[in-house]
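Please open the model in your viewer and keep the sequence at hand.

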Amino acid sequence: MPERSDAPLPPVLLADEPGSFPHGVLAERHPAIIRQVRDASPYGPEQRRALDALLANCLDGVIEPLPADAHDRDRWAAWGAGDHTGRSWFDVPWLWSESYFYRRLLDAVGYFAPGPWQGVDPFRPSKTAELDSPETDEELAALDALTGRPAAEQDQALLHGSLWGNRADLSFRLGATGGTATVGTPPLVADDSDVLWSLLPPTGTATLCLIADNAGRELVPDLLLIARLLTEGRAARVLLHVKPHPYYVSDATHADVLDALRRLVAAPGAAGEHGRVLWAALTDGRLTVRAHPFSCAPLPYADMPPDLREELASATLTILKGDLNYRRLVGDRRWPPATPFTEVTAHFPGPVAALRTLKSDVVTGLDADTEAALVAAEGRKWRTAGTHALIQVRP
């Protein structure tokens, strides 16, 4: 495994700079999310007051401790709550403040408390609307055109479907207009797909871990990719890691996996066939869903607990999907873009791949010419607009 250099680490990203992307997330996106949640379900006076209080607090208040009877109070204490309580949301590591915001949002809507709203996903209305949209129908119907194409072409199409499906992130959509890459700049800024395929030959022996990101129209192509890998023998077993509870607006939970699977099984044509492959794989154990508490931790994967480290070490390859997982994989720091991906992932316990659409500032592993062309054409927009993506692998 590559060793890290002894050079000092760049600073952790904060949200204390007005006009910066992290500041905009805390000051604009989080209030929009609270309002969206408040309007999407008929919460009672208690929940509405709590949401209004969270809105005021995250803009002008300080970080408050979890309730004394919170089931995970000790876990959050171990994750740094004692160091950050009483400080502005904008003055602690951005990854930590984002994660804690979603934990407090679940408190506000009564997700963990006994009562009628216990276990009710506050983001479910948005997730189901996206899953049931005509756009999803169109994307599933497009699978039929792949039938009969060469195997390598089908593999690559489903890999890219999983990669670009990350554009469906609902949280990102609240604060972005979408668009396409500027002429002269590559949509794919790094592409190690050949290395990825070399780690998953069609021998029927590989164990793949896929750490999912978002539900809905992103999770569907992730599941389609898994079905393809199982069918072609590129994976004998797949461990699909999702979140143990709602997180970051659209992050996938076990319930979201089941929703997406039912959507696939009910679809006509190739999509339905893929759905039935997945259904059978779940029933016979070739596909297993995991929901480790560390999936919602405000920490990098370098700090993962021993049981998770042991599981990922046993995998032939771990694929991490999406922007948040990328930030946690490489560390949410101000890395120079040319910092080698192999260096910042040296801590990971086995071969690892990142499939990520760029929607935040952190990026590593770019060659100097690619970075220069992106900066010349787009300034810093290429880092956050969702119009560029990468496939990076550390064997």
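Is Asp52 buried, partly exposed or exposed, and what is its relative accessible area? In this predicted model, Asp52 is partly exposed, with a relative accessible area of 35%.

Arg38 forms a salt bridge with Asp52, and the closest N and O atoms are 2.9 Å apart. Because Arg38 belongs to helix H1 (residues 21-40) and Asp52 to helix H2 (residues 45-60), the pair ties together parts that are 14 residues apart in sequence. Arg38 is also partly exposed, at a relative accessible area of 22%.

Now select Glu218 and Lys321, a salt bridge whose closest N and O atoms are 2.8 Å apart. Glu218 lies in helix H11 (residues 216-231) and Lys321 in strand E5, so this pair ties together parts that are 103 residues apart in sequence. Both Glu218 and Lys321 are buried.

Select residues 306-313 to display H14, where Leu308, Glu311 and Leu312 are buried. Viewed down the axis of H14, these buried residues fall within an arc of 95°, so they line one face of the helix. Pro306 and Glu310, on the other side of H14, are exposed.

Finally, select Lys127, Thr128, Leu131, Ala215, Gly216, Asp256, Asp259 and Ala260, which line the second largest cavity. This cavity has a volume of about 50 Å³. Helix H6 (124-131) and helix H12 (254-265) each supply at least two residues of its lining.

Technical notes: Residues are numbered from 1 along each chain as its sequence is written. This is a predicted model: local features need pLDDT of at least 70, side-chain atom pairs count only at pLDDT 80 or more; totals for chains, interfaces and linings use all residues. Side-chain values use heavy atoms; hydrogens and water are left out. On a 1 Å grid over the protein atoms alone, a cavity is a set of points where a 1.4 Å probe fits but cannot get out, and a pocket is an open set with protein on both sides within 12 Å along at least five of seven lines; lining residues have an atom within 4 Å of a point. Grid points are joined across faces, edges and corners, and a volume is the space filled by probe spheres set on the points. Helices (H or I, at least four residues) and strands (E, at least two) are DSSP runs, numbered from the N terminus. Buried means under 20% relative accessible area, exposed over 50%, partly exposed in between (1.4 Å probe, protein chains only). The arc is that of the directions from the helix axis to the C-beta atoms. A salt bridge is a side-chain nitrogen of Lys or Arg within 4 Å of a carboxyl oxygen of Asp or Glu.
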